Amino acid sequence: MKVGVIGGTGFYEMRGDEIEVETPYGAVILFYLDEGDREIFFLPRHGKKHVPAHMVNYRANIAAMKKAGVGAIVAINTVGSMRREFEIGSFFIPDDFIDFTCRKSTFFDKEAVHIDMSQPFCPIVRKILIEEAMKKGKVNEGVYVVTEGPRLETKAEINMLKNFAHVVGMTLSPEVILAREAGICYASICIISNYAAGMQEKLDVEEIRRVYEERKGDLMDVVKEALKKIPENRNCGCKYAAERGKL
Ligand code: HPA
């Protein structure tokens with residue numbers, strides 16, 4: 001069974017054999033690890049040269065995972081919290097999202113496909129991630145609002161956004177949408193690296209990096225265990241999202 005991991009800034013821990021996958025959107029480097037009954041394809045989201053979130057070639061990334069035969073993806077993201085009670089360094093597993101980006105977010109430019117996003121994340125992969133993450137501490141769930149970046153948000157933006165979402169980040173979308181269009185089960189595990197703008201004195205990229213570094217070990221354990229537990233046969237229906245969305 002083939003599973004994928006998409007790592008964010010600072011997460012390059014799953015190195016394996018490097019393979020280059022050609023897609024209609026460009027070539028993508030994946031790292032391949034053979035773990036017996038699991039074949040893992042690891043994709044550092046930002047690529048080798050670390051392009052910023054708004055420049056990531058999301059369509060190429062998901063197309064490469066699809067071409068590699070990946071059936072389920074665990075994504076790793078770093079986010080700012082808009083809730084005082086969500087502790088820095090804790091895990092957050094989104095159950096929904098709001099997309100405030102203006103990125104290319106579909107594979108379907110030539111036919112009308114309207115995928116159902118009532119449940120954007122695979123319920124099976126999500127549940128496994130929650131169970132594994134809880135072994136390492138407190139886990140929060142909720143809505144992830146995706147901003148375009150690369151700048152961080154203003155205080156006024158956060159004051160608005162916190163009425164509708166719990167955390168803010170720049171990388172979940174369009175990845176989650178494209179995975180769904182591609183029929184790949186997808187769920188995300190986020191690390192809360194800071195409080196959002198206005199909730200702490202200033203935002204410091206060094207702090208975001210440091211929190212991430214501190215939690216990387218636990219994160220790695222959660223992801224590895226979760227990958228072992230994803231069942232080969234899943235009755236979630238993620239696979240058929242595009243079929244069902246065709247006009
Ligand atoms: N805003 C947007 N993206 C982020 C943040 C934030 O506060 N923290 C980590 N990624």
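**Basis.** I worked with a predicted model, in which local features need pLDDT of at least 70, side-chain atom pairs count only at pLDDT 80 or more, and totals for chains, interfaces and linings use all residues. Residues are numbered from 1 along each chain as its sequence is written, and side-chain values use heavy atoms, with hydrogens and water left out.

**Entry 1: cysteines.** I looked for disulfides, taking one to be a pair of cysteine sulfur atoms within 2.5 Å, and the structure holds zero. C122 is in no disulfide, and its nearest cysteine sulfur, that of C185, is 3.7 Å away. I then looked up accessibility, where buried means under 20% relative accessible area, exposed over 50%, and partly exposed in between, with a 1.4 Å probe and protein chains only. C122 counts as buried because its relative accessibility is 0%. For C190, the closest cysteine sulfur is in C122, 16 Å away, and therefore too far for a bond. C190 is buried as well, with a relative accessible area of 0%.

**Entry 2: second largest pocket.** I took a pocket to be an open set of points on a 1 Å grid over the protein atoms alone, where a 1.4 Å probe fits, with protein on both sides within 12 Å along at least five of seven lines. Lining residues have an atom within 4 Å of a point. The second largest pocket holds about 330 Å³ of space, the volume being that filled by probe spheres set on the points, which are joined across faces, edges and corners. Its lining has 18 residues, and those closest to the centre are A27, H46, G47, K48 and N61. Two or more lining residues come from each of β3 (26–35), β4 (38–44) and α1 (58–68). Such elements are DSSP runs numbered from the N terminus, helices being H or I of at least four residues and strands E of at least two. β3 gives the most, with four residues. By class I found ten nonpolar, four polar and four charged residues in this lining; Ala, Val, Leu, Ile, Met, Phe, Trp, Tyr, Cys and Pro count as nonpolar, Asp, Glu, Lys and Arg as charged, and the others, Gly among them, as polar.

Entry 3: H46 is buried, at a relative accessible area of 6%. A polar atom of the H46 side chain lies 2.8 Å from the backbone oxygen of V51. I placed H50 in the loop between β4 and α1, where it counts as partly exposed at 32% relative accessibility. H50 and G8 are 42 residues apart in sequence, and their C-alpha atoms are 9.7 Å apart.

**Entry 4: ligand.** I listed the residues with a heavy atom within 4 Å of the ligand; among them are T78, V79, G80, L152, E153, N194 and I208.
- A polar backbone atom of G80 is 3.3 Å from a nitrogen atom of the ligand.
- For E153, a polar side-chain atom lies 2.8 Å from a ligand nitrogen.
- An N or O atom in the N194 side chain is 2.7 Å from a ligand nitrogen.

**Entry 5: cis peptide bonds.** G149 and P150 are joined by a cis peptide bond, with omega about 0 degrees. P150 sits in the loop between β7 (139–147) and α3 (155–161). I noted a cis peptide bond between S173 and P174, with omega about 10 degrees. P174 lies in the loop between β8 (167–169) and α4 (175–181).

Technical notes. A polar contact is a pair of N or O atoms within 3.5 Å; within protein, one must be able to donate a hydrogen and the other to accept it, and residues adjacent in sequence count only if both atoms are side-chain atoms.
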